[in-house]
Amino acid sequence: MKQSIHIQTADPAGNITVFVLDRFERNQYQHIASQLLSMKELKAEQVAFVTGEDSMEMCGLEFCGNASRAFALLLAKKRNVRGDAFIDISVSGSRERLTVAVNPEKNYTKIRMPLPLSVENWENTGTPLPARCQAVDFGGILHIVLRDEIPSKERFDQIKEYIYSLADPPALGVMFYDSKKNLMTPVVYVKDVNTTYFEGSCGSGSTAAAAAFSADEGDGTFQFTLSQPAGVITASVEKRNGVINAVYIEGPVSFGSVMEVAVETD
């Protein structure tokens, strides 16, 4: 059955996100998201479903930092917030409510991200992974941070096959970082919707890279401004007693107008 639904696009550093503003059951997410992602005019990389006044879920129930900070700014604009403010939200893939610093007039957001469950240096022999890389696990998504490898779908698929032979994360990201250009190319797979995207930018991937790059550092605050194919994200890590106790990403977000599109809902 065809149904008109209300959506709004957000552009956090090129990671185009479609917010579905009408309420749907989770068992409909994949079907609706697949149709929205196929609409070339939206240029979307991911789909999020608004589930309440201050809550949203990604279509694969994964965590997404870019979508989370965009959602908080969307709420601030809806509430006619002025100047610097804080918005609390609940999002998929995070056990805790998140507090997002917003400035609707400047279209700027800074979000305190969920802490990684682990940051591990992986030494690899006889596997598809390079001799040394880092794995950063957020629970809702596992990121592999690679240095100075050429990003390709073939290389990503090799790594994906290996990772899923060991574990079953809801989503997998491989962050291909070119140290000479300071350019990070995020490639993300979401299991429930079986999609792989070379993303314009990735918020949780930026956090993973910052955690990985500061893994061998002592206490302090470490900030990394990461150029990505469609934008720039600044990620920062605070370490105390040798442990990460806070991570943030920040940057601008722009929005399209609310629009109606027709999708099959059954």
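A disulfide is a pair of cysteine sulfur atoms within 2.5 Å. The views show a predicted model, in which local features need pLDDT of at least 70, side-chain atom pairs count only at pLDDT 80 or more, and totals for chains, interfaces and linings use all residues. Residues are numbered from 1 along each chain as its sequence is written, and side-chain values use heavy atoms, with hydrogens and water left out.

**View 1. Cysteines C64 and C133.** The disulfide count is zero. C64 is in no disulfide, and the nearest cysteine sulfur, that of C202, is 6.4 Å away. The sulfur of C133 lies 16 Å from the closest cysteine sulfur, in C202, which is too far for a bond. C64 is buried (under 20% relative accessible area; exposed is over 50%, partly exposed in between; 1.4 Å probe, protein chains only), at 8%. C133 is also buried, at 2%.

**View 2. Helix α1 and its cover.** Helices (H or I, at least four residues) and strands (E, at least two) are DSSP runs, numbered from the N terminus. In α1 (residues 29–37), the buried residues are Y29, I32, A33, Q35, L36 and L37. Elements covering these residues include β1 (2–12), β2 (17–20), β3 (46–52), β4 (55–58), β13 (195–198) and β17 (259–264), with contact meaning heavy atoms within 4.5 Å.

**View 3. Lining of the largest cavity.** A cavity is a set of points, on a 1 Å grid over the protein atoms alone, where a 1.4 Å probe fits but cannot get out; lining residues have an atom within 4 Å of a point. The largest cavity holds about 170 Å³ of space. Its lining has 18 residues, of which Q46, E62, V188, V190 and E199 are closest to the centre. β12 (183–190), β13 and α4 (203–213) each give two or more residues to this lining.

Conventions:
On a 1 Å grid over the protein atoms alone, a cavity is a set of points where a 1.4 Å probe fits but cannot get out, and a pocket is an open set with protein on both sides within 12 Å along at least five of seven lines; lining residues have an atom within 4 Å of a point. Grid points are joined across faces, edges and corners, and a volume is the space filled by probe spheres set on the points.
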